[in-house]
Structures are given as C-alpha cells and as structure tokens.
Amino acid sequence: MDNNKPSQPDNEEEVKDSLTAERETEQETTILPEMQEEENQQHSSEQPQVVKGKKSVVWMAISGVLAAALIVVLVYPPFGGGRESVASVNGSNISKDELYNELVSLGGESTLNSMITMKLIDQEAAKANVSVTEQDVNAEIETLKTQYGGEEGLNTALSQSGMTMDSLKKNTEVQVKIRKILEPKTTVKDEDISAYYEENKATFATPEQVRASHILVKTKEEADEIKKQLDEGADFATLAKEKSTDTGSAANGGDLGFFGEGEMVEAFEKAAFSMKNDEISEPIKSDYGYHIIKRTDYKEATNPTEEDKKEDIRNILVEQQVGELSTNWMSELRSKATIVNTLEPADESSDAAAASTTDTESSAKE
C-alpha cells in the first residue's frame, strides 16, 4: 500500500449526508418457501460515497419448523465406545461421552429436531419419487446470481448474511426438494399471472444502466498524476486499491457495480453515461474531490411484456403457494409420524392425561 495514500476528508460525514438520498428497490424473493426479508445494508463509516442511494441487500431466511432443517449437524452421538478419549489435558482425558453431553447441552435438542425434520422430508420425497440433482441446485444458484446482479453481488450478500456458498447450496437443496413435493398441490391460472403482472409491472422494467470503477483523490494534482500513470499503461484496479480514498470501492479495484440515472452525484453520473466501455475519463470534480472514472459495462433499458415474464411469474406464484402450504404440511407430517426423541422429555401433563384416560376406559369396561 502506498504510504502517500490520501487521507480521508475531515468533513466526510457532512459530505456523505449531502450526497445521499433515499432510493427504494424492490426485489422478488421467491426462491425459498416461508421466507422473510431482511435488509442488511452495510456501509463503511470510512467510505466516502458518490452513490446517492445504495441498493439494499435483501436476504432470505426460512422460518418456523423449516428452519430446523438447515442446521448443520456437527457431532454424531457416540452410541459405542463413549469413554474413548478425544483430548487430554496434562494427562487428564476428555471422553467422547463428555464431549457429546456438552454439545447436547449447547444445542443438541435443536440439532436432533433438525435431523428429525430432514428425515421426514426425505421420507416424503421418497414416497413422491422426488430427487434433487446438482443441476437443480445450480439452476437455483444461477437465478440468485441474476437477482443480485451477478456472482459478485451474490457473494457480497452471502458474506453480509454470514453464509457461504456451500451452506447456500445445502439450504437450496432442501428448498428444491420441498417445492418438488408440494408443487403438484398448487394451482396457478392465467388470470392470476395477468393480475400479478399488472400489479408489479413497474418492478419488471429496468432502466438504462452503466457499470463503472473510479479512483477518488483530494486534489487535482494527485488526479493528474494518476491519470498520467494510467495513460502510460498502469493497471486501474491496482491504482484504485493503492490510491483511492473511497476505501469501500478501492478494495474491489474501484468497482461501483451497475447504476442507473439518479443514483450518482450529477457530475460523476453525466461523465459515466457519456463514456464508452473501457474508456478512462479525465479527472472529474465533485464535492468529494477528484474522480478518475473507468466505464466497464452497459445495459440497455428493458420493459418486458406479460408474455415475456409469464413463466417467471408462474414460478413466483408457485413459490408463494408452496410457502403457504409448507407450514401446515410440516406440522401434519410431524403429527402423523411416530417420533422417539430421547433428548426431549415427555410432557408430564400429557402423560397424566393419558393415564387418566386409560383409567376411565378401564372403569367403563368393568
């Protein structure tokens, strides 16, 4: 890192406030049943922004009993050889039984319940002759990438949600399995699709967008020197990491992602939209300082018809119905199943009620 890297502006918060405005973004989250949306916007307090409003990260979580199905099992109970040592401290052993008992106390009941839930789902999938392939999971991941503006956007959302791609794939496999089981119970009519399209028409249209990177510095002299290095063949991303005072984008080589009109400060936006792909601008002055912009991509505006979005809408409505069906379905599975859970003590009141019923029935027979 360059030791002469420009310091952050002293009036950074004031600058950020003057350049930040409200922007609402709607995004369908219909991949997982029983979903709740969680907005998770993370902005570095050190990051000067040229963005007027930042697209919120919408993440998805499964609620209710289905959440248990996504818990990762860390330990298998040692039903044999429980006294075998798994560690020792100054010659004093820690046995498998001790480890198991400790882990049970820390969350064994919920973990076992998750395994029970998964076993029920797997049994129903077998009855329905349902299987989930790697291609099924990858197709869902690709859909998520599209929703988040590409692989980088999805990875950012995963990071902010404390997830990994592996855990997402495991979660997705469960969701696809549930959907395949319940989808035959859903009904989507053409009039439902038309109604949904009319109600959400504006969300299907996308404005003209460009993607750009920038290097932000405080003075014209610094900007001119960086532009000279770029003209001589220096790598833009490398210089952005070393020189830019916008530390948030600098970590990504200056990349700001895609943005439409009205999302950036005027001088920056006007320059970015007037450039060609891979073109590097002269220094552009804003309230932050001086930007050197590199436009990297472009998307034309879209305004899809109902016919264009028909299958997408059908999938959305199926997902909604699956979500509505899933809770009652799961509860019904558990109520009909014979489940023996040794970590969950029987309800004493239930036992008493059962005993009372038995005594009453015996008396009646006598």
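## Strand 5 and its partners

Let's start with a pairing: strand 5 is joined to strand 6 (residues 255-260) by 4 bridges, and the two run antiparallel. Keep in mind as you look that this is a predicted model. Strand 5 covers residues 209-217. Strand 5 also pairs with strand 8 (residues 289-299), again in the antiparallel sense, through 9 bridges.

How much of strand 5 is buried? The strand is mostly covered, with 8 of its 9 residues buried.

## Ile313 in helix 11

Now move along to helix 11, which spans residues 306-336 and holds Ile313. Is Ile313 buried or exposed? Ile313 counts as buried because its relative accessibility is 0%, and the cut-off for buried is under 20%.

Which residues does Ile313 touch, leaving aside its neighbours within four places in sequence? They are Ile193, Tyr196, Tyr197 and Phe204. Take Tyr197: this residue and Ile313 are 116 residues apart along the chain, yet their C-alpha atoms are separated by 7.4 Å.

## The whole chain

The chain has 12 helices and 8 strands, and 38% of its 366 residues are buried. Of the contacts in the chain with a separation of 6 or more, 74% link residues 24 or more positions apart.

As for the surface, the chain exposes about 21,600 Å². Carbon and sulfur atoms supply 46% of that area.

Key:
Residues are numbered from 1 along each chain as its sequence is written. This is a predicted model: local features need pLDDT of at least 70, side-chain atom pairs count only at pLDDT 80 or more; totals for chains, interfaces and linings use all residues. Side-chain values use heavy atoms; hydrogens and water are left out. Buried means under 20% relative accessible area, exposed over 50%, partly exposed in between (1.4 Å probe, protein chains only). Two strands pair if DSSP finds at least two bridges between them. Contact means heavy atoms within 4.5 Å. Accessible areas come from the Shrake-Rupley method with a 1.4 Å probe; for residues, only the protein chains shown count as cover.
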